Amino acid sequence: MNLSCLPVTTCELFVRHNPTLLAMIEKFKILVADDNPDKRLLLTVALHEADYEVLCVNDGNAALRSIETLQPDLVIADVFLPKVDGYELARRIRSNPQTKFIPVVLLATGHMDAEDARRSAEVGALAYITDPTDIDLLLGRVQTLLDFKAYLDACEEDAFTDYLTGLANRRRFEKVLRKEVSRSTRYEREFCLLWLDIDNFKQINDKYGHGAGDEVIKTIARILQKGIRGIDLAARVGGEEFGVLLPETNFESGYDVAERLRKAIKKIRIPNVGYVTASFGISSFPLHGKNSKNLIAKADTAMYEAKRLGRNRIERAATKTNRTKALSVTSKG
Ligand code: GH3
Ligand code: MG
Ligand code: MG
């Protein structure tokens with residue numbers, strides 16, 4: 001199949017939902033942890049020949065560091081590793097939520113007794129191989145475990161992706177937002193949150209049908225995706241509602257981005273529907289909230305204010321100061 005003829009989003013979806021194709025494009029990364037240079041060489045050559053990408057380390061601490069930075073798809077570790085042994089390495093990989101599903105194969109040279117087998121099962125290793133020169137056995141195990149891993153990765157990707165638009169879904173958005181709150185708190189950085197909702201969308205569904213409504217949602221998703229930087233995140237957070245996270249962006253710059261996106265949405269003529277608009281709310285960290293819940297609530301309230309004030313506009317979240325000012329203006333009549 002010639003993928004270059006497909007639009008990018010369709011192509012991405014096709015690849016993402018096809019673990020075999022994914023594996024063909026991106027090689028599986030295998031980390032080999034062994035202090036014996038001959039064994040490392042033997043395994044590296046065999047795994048390279050089987051078309052895997054191989055990374056080697058010679059002690060357990062180096063393995064733990066590499067796992068964190070390189071996120072391998074599978075780990076092959078000698079049981080008798082210096083610093084952190086193979087059993088402990090497997091136990092730590094399994095007990096860390098970030099690495100929990102990386103399969104571990106333990107290698108033991110020589111006789112294996114029932115106690116070793118029990119221990120390897122207890123620490124969560126998925127295979128225990130007693131003859132590291134039996135390459136066919138090793139490759140068979142590795143391939144099976146990687147098939148399962150690829151399937152799990154695809155399921156995880158699905159669970160965090162909005163099926164209609166291919167954007168992140170609300171679950172991923174909130175997860176990334178919580179991470180951004182911790183990162184920005186730690187490094188004292190600013191970021192912005194945009195919350196937007198398509199105007200009068202019910203009328204579009206009623207007049208042109210649900211299918212046309214879906215096309216509108218997909219078009220808005222493409223406009224958002226095209227109009228933001230690589231480090232930003234756009235997500236579909238509800239039926240016709242979107243969130244955009246703008247890391248390293250102050251309130252005024254975030255407003256400029258929202259204005260650019262608002263204009264881009266207004267300008268596009270959608271086939272069979274015509275023109276649509278969206279209303280935006282914007283909040284920023286740390287000005288309007290110090291946690292994800294508050295920031296979303298503030299941006300959402302601002303978005304509803306934009307609706308109230310006529311739609312197709314952007315409203316800023318209220319701070320204590322501008323709320324007080326607004327009240328004093330109102331009280332003056
Ligand atoms: P407002 O300007 O106040 O936002 O008006 P609205 O008509 O957009 O009002 P509201 O937000 O309440 O309407 C949202 C509609 O979006 C209602 C629901 O049927 C529709 N909707 C939700 N999810 C989908 C979807 O996946 N596809 C389509 N076509 N419609 C959807
Ligand atoms: Mg709406
Ligand atoms: Mg809505």
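1. Basis of the note. The model is predicted, with local features requiring pLDDT of at least 70 and side-chain atom pairs counted only at pLDDT 80 or more, while totals for chains, interfaces and linings use all residues. Residues are numbered from 1 along each chain as its sequence is written, and chains are lettered from A and ligands numbered from 1 in the order in which they are written.

2. An open sheet of 5 strands runs in the order 2-1-3-4-5 with parallel pairing. Its edge strands, each pairing on one side only, are strand 2 (53–57) and strand 5 (127–129). From one strand to the next, the twist averages 20 degrees. Within this sheet, strand 1 (residues 29–33) and strand 3 (residues 74–78) are joined in the parallel sense by 4 bridges, and Ala-33 stands opposite Ala-77 in strand 3. Strands here are DSSP runs of E of at least two residues, and helices are DSSP runs of H or I of at least four, both numbered from the N terminus; two strands pair if DSSP finds at least two bridges between them.

3. Helix 4 (residues 60–70) lies across strand 1, strand 2 and strand 3, and runs at about 165 degrees to strand 1. Helix 5 (residues 86–95) also packs on the sheet, where it touches strand 1, strand 3 and strand 4 (104–107); the direction of helix 5 makes about 155 degrees with that of strand 3. Angles run from 0 to 180 degrees between N-to-C directions, with axes fitted as lines to C-alpha atoms, for helices over the stretch in contact. Contact between two residues requires their C-beta atoms, placed from the backbone, to lie within 7 Å.

4. The two sides of helix 4. The buried residues of helix 4 are Gly-60, Ala-63 and Ile-67. They lie on the same side of helix 4, because they cover an arc of only 50 degrees around the axis; the arc is taken over the directions from the helix axis to the C-beta atoms. These buried residues pack against strand 1, strand 2, strand 3 and helix 5. The face turned away from the buried side carries the exposed residues Arg-65, Glu-68 and Thr-69. A residue is buried if 20 or more other C-beta atoms lie within 10 Å of its own, exposed if 12 or fewer, and partly exposed in between, with C-beta atoms placed from the backbone. After helix 4 comes Gln-71, whose phi is positive, near 45 degrees.

5. Val-142. This residue belongs to helix 7 (residues 135–159). Val-142 counts as buried because it has 23 C-beta neighbours inside 10 Å. Neighbours within four places in sequence aside, Val-142 is in contact with Leu-74 and Val-105. Val-105 is 37 residues from Val-142 along the chain, yet their C-alpha atoms are separated by 8.0 Å.

6. Strand 7 and strand 8 form a hairpin with 4 residues between them, and pair in the antiparallel sense over 4 bridges. Ala-235 has Gly-243 as its bridge partner in strand 8, and Arg-236 stands opposite Phe-242.

7. Surroundings of ligand 1. The shell comprises 16 residues, of which the closest are Asp-199, Phe-201, Lys-202, Gly-213 and Gly-239; a residue is near a molecule if its C-beta atom, placed from the backbone, lies within 6 Å of it. Strand 6 (191–198), helix 9 (201–208) and helix 10 (210–226) are the elements that give two or more residues to this shell. Helix 10 gives the most, with 4 residues.

8. Most residues other than glycine have a negative phi, and most peptide bonds are trans. Asn-200, in the loop between strand 6 and helix 9, has a positive phi near 50 degrees. Asn-200 is partly exposed, with 13 other C-beta atoms within 10 Å. Phi of Asn-272 is also positive, near 70 degrees, and Asn-272 is exposed, with 10 other C-beta atoms within 10 Å. A cis peptide bond, with omega about 5 degrees, joins Phe-285 and Pro-286. Pro-286 lies in the loop between strand 11 (278–285) and helix 12 (292–308).
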